[in-house]
Protein chains: 2
Amino acid sequence: MEKVISYLDGNLEQSLDELKEILRIPSVAAKGEHMDEAAEWFAKHLEAIKMEVTLHKTSGQPVVTGYLDNGADKTLMFYDHYDVQPAEPFDLWDSPPFEPAIRDGRLYGRGVADNKGDAVSRIWAIKAFQDTSTDIPVNIKFIIEGEEEVGSPTLPEFVKKNSDFLKADGGIWEFGGAGIDGRQEAWLGLKGLLYVQLEVERLQMDAHSGYACILPSAPYRLVWALSSLKDVNGRILIDGFYDDLKGLTETEKDVIAKIDLHEDMTCDHYGITQFVNGLAGDGLKEAFYNAPTCNIAGLGSGWQGTGSKTVLPAKAMAKLDFRLVENMHPEDIREKLRAHLDRHGFTDVTIAWHDGYPPAKTPTDHPFVSFVNDANQKVFGHNLTIHVTSPGSGPLYLFKDHVPMVSIGVGDYDSRAHSPNESILIENYRLGMHRIAVLIDMMGAWQADA
Amino acid sequence: MEKVISYLDGNLEQSLDELKEILRIPSVAAKGEHMDEAAEWFAKHLEAIKMEVTLHKTSGQPVVTGYLDNGADKTLMFYDHYDVQPAEPFDLWDSPPFEPAIRDGRLYGRGVADNKGDAVSRIWAIKAFQDTSTDIPVNIKFIIEGEEEVGSPTLPEFVKKNSDFLKADGGIWEFGGAGIDGRQEAWLGLKGLLYVQLEVERLQMDAHSGYACILPSAPYRLVWALSSLKDVNGRILIDGFYDDLKGLTETEKDVIAKIDLHEDMTCDHYGITQFVNGLAGDGLKEAFYNAPTCNIAGLGSGWQGTGSKTVLPAKAMAKLDFRLVENMHPEDIREKLRAHLDRHGFTDVTIAWHDGYPPAKTPTDHPFVSFVNDANQKVFGHNLTIHVTSPGSGPLYLFKDHVPMVSIGVGDYDSRAHSPNESILIENYRLGMHRIAVLIDMMGAWQADA
């Protein structure tokens, strides 16, 4: 293994150059641009590490799979994605989002933390074995999809046709890294997601705003509808929204009890003096791990330029995302949302489109979790901070019956995934490669039931 | 006068060419671009009709004045503006907003109805007298400002220094034209205006929307604040908002009783089946002429592009305009708005900037009103539809103690002022020039107290 580690350190520059290559491809799923280009880039680089590669067509973006059959007993899986979030607002980036730049030991670029940096680090960990003629004691599978950032709408098509491919002894999910205290974290679950676009159109054209005295207002209709969904204390008011909500299990509570959310540091990070509604302590933890949300991700109507325009806008739009926790289902919540809007008289507020999936968790006591922790110990010298779930989402529900998944990665608390100036610490990237290499090395001898 | 009218008809093409010239200058006050260029264009064209022209500097955009002293008893004033509304959204224009185009007898371009078409038509009416060596029996004053579309913030500076210039026997305000029934309309008053930009910033950067479970939401704070300002029935909930509201006078009620608002045609025009809150009949008229408003002119936060972005936006913004009726004052309403926000816990919602002015009306029984009607009769063959006030706003309050103002113009009900595809009917423009010429001709002999 020393050879492998030395190789990774000696070729850090080259692997970063390769990462920069894929960061330059602006594969923003929301815009559907440059998707094939990014998929093909990964296909090419999986082939370069001798994998059997397939580009699976779906009704959406293609799914790239790679399989390295070493005739081993154990199989390790990686789940990654080649798509990224939109980079807007561009003017808040210190360097252009699709022109990777290194400053103060960090590599900046849209998607570097979420999740191109992880994907490339995993490919290089495997390459290091091969280029140093070191045996890889496990079979390895990659699933790299292109719609993670838009709710993985067509991944179920792939899974339906290729459910056998999902079988593995353990898997590493796409993201993770160092927490705000600098310690490595692992995420065992992902919240579910319901993403909807609400639209209101009340006039066939914008009107002079003098006519607001007699004409209906699309933006006000939307504001009232949004206001009816959640009160100022954060309570979601959709009838039945919390009906299926389950509490955390005793085992989960034990895991959470050990967690320090570093409240002061986290507040500083976001520039706030307290969390929403004054959440703290156990209440904060409960919200972090088990609260569903109703979030306005986007809002738009009328004149948003400088100065004034006196217009009564014909239309208004809101993008909402709901994070769902165990036992909640996006279809059910969407139906309840529609029923709520109708019951409150907002039949003019349409759900223009929607996406989503249910939540899922890998059990905290699954042996693969402690195995990943052991690998982490060898590289970082400390135990992983284990989170029973991430507050974010992902299509883990498609995998959970086939393979235990643990999410670790090369990011850190200042990585600003989904925000301007997304970045990773290059040192985390380097050690992240080490950790994957060690994990591969250890997994050949791992006894799941030991 | 026949010579004058023939001249106007014979030179229609040339006057439209001149109008197109100024339409090509995108003098959008909200952006503060091309303002000097537009002011100088008008200065040059007022000089061309032998006026004594001054470009008055203010702390904002310059005010252009022209004075034609014919040694007459009577003085006629024109109030116009060289600024226009923003043209966005550009993609809803059938031809580019700043490239004037003629289709089906209409001239299209931003500002053609509001109010460059009016201004140019007035200049040409005067030019027609001069080029046909016809005596102009009145003195004429022009005041052309550059900030009408942004609440005329520095016009008071001009008025304070030049109050003598505001004296005249009668004045023609900037806009007007044919109503939905094809009959010419006159507007005697303008509502007041309070325009505010509300801003909320709750995080120092956008966050991954998974964190909505523990972080505050700027867009939701804004939505709740906006929702607290007005209920779904349109009732404005700001404490004391309606305190100073006066009813219409008996004289005004008599004028209004004769008005037909052509409810069905107006609904068709905007693509609605009924007015807001089912307003109809007298209630509709009351709202049109005497209701203050609280309108969302713009709303923005987070991701507004295609598809989904799962972001918790750091900031949110709303642009609100309040139309104020007789006896209401923008400063008072702004203070009440601030107090309302504070009292409802929205101290985090800031009023980033504000503009505005009070309402004003020319009395319906002022003799200049019937004089303008007589001139209209001669050209259009019907009586003006007299509106006691427009639902829109303008700085009439600065003029009302100096000169009775009546607003007539070359627009029509489909002119789409402030909206995409702004246009005028060329036939209205032609007859509008005739009407101004006839009015100038008649005014020499007008006896205000006759």
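In strand S5 of chain B, the bridge partner of B:Ala101 is B:Tyr108. This is a predicted model, in which local features need pLDDT of at least 70, side-chain atom pairs count only at pLDDT 80 or more, and totals for chains, interfaces and linings use all residues. Residues are numbered from 1 along each chain as its sequence is written, while chains are lettered from A and ligands numbered from 1 in the order in which they are written.

S4(B) and S5(B), residues 106-108, pair in the antiparallel sense over three bridges. Strands here are DSSP runs of E with at least two residues, helices are runs of H or I with at least four, and both are numbered from the N terminus. Two strands pair if DSSP finds at least two bridges between them. In general, strands of a sheet pair through backbone hydrogen bonds, either parallel or antiparallel.

The open sheet has three strands in the order S4-S5-S20 (chain B), with antiparallel pairing. Strands S4 (101-103) and S20 (423-425) of chain B stand at the edges with a single partner strand each, so one side of each has no neighbour in the sheet. On average, neighbouring strands of this sheet are turned by 25 degrees against each other, direction ignored.

Which helices lie across S5 and S20 of chain B? Helix H4 (residues 112-131) of chain B does, running at about 55 degrees to S20(B). Helix H12 (residues 426-443) of chain B also lies across these strands, at about 65 degrees to S20(B). Axes are lines fitted to C-alpha atoms, for helices over the stretch in contact, and angles run from 0 to 180 degrees between N-to-C directions.

Strand S6 (residues 139-145) of chain B is mostly covered, with six of its seven residues buried. A residue is buried if 20 or more other C-beta atoms, placed from the backbone, lie within 10 Å of its own, exposed if 12 or fewer, and partly exposed in between.

**A buried valine**

B:Val196 is found in strand S10 (residues 189-201) of chain B. Is B:Val196 buried or exposed? B:Val196 counts as buried because it has 24 C-beta neighbours inside 10 Å. Leaving aside neighbours within four places in sequence, the residues in contact with B:Val196 include B:Leu320, B:Ile351 and B:His354. Contact means that the C-beta atoms of two residues, placed from the backbone, lie within 7 Å. B:Ile296 is 100 residues away from B:Val196 along the chain, yet their C-alpha atoms are separated by 9.9 Å.

**Where the chains meet**

The contact takes 76 residues from chain A and 75 residues from chain B. On the side of chain A that touches chain B, S12(A) gives the most, with eight residues. Five bridges join S12(A) to strand S12 (residues 295-302) of chain B, and the two run antiparallel. In this pairing, A:Leu299 stands opposite B:Ser301.

**Chain A as a whole**

Chain A has twelve helices and 20 strands. Its C-alpha trace spans about 80 × 45 × 45 Å along the principal axes. Of the 450 residues of chain A, 56% count as buried.
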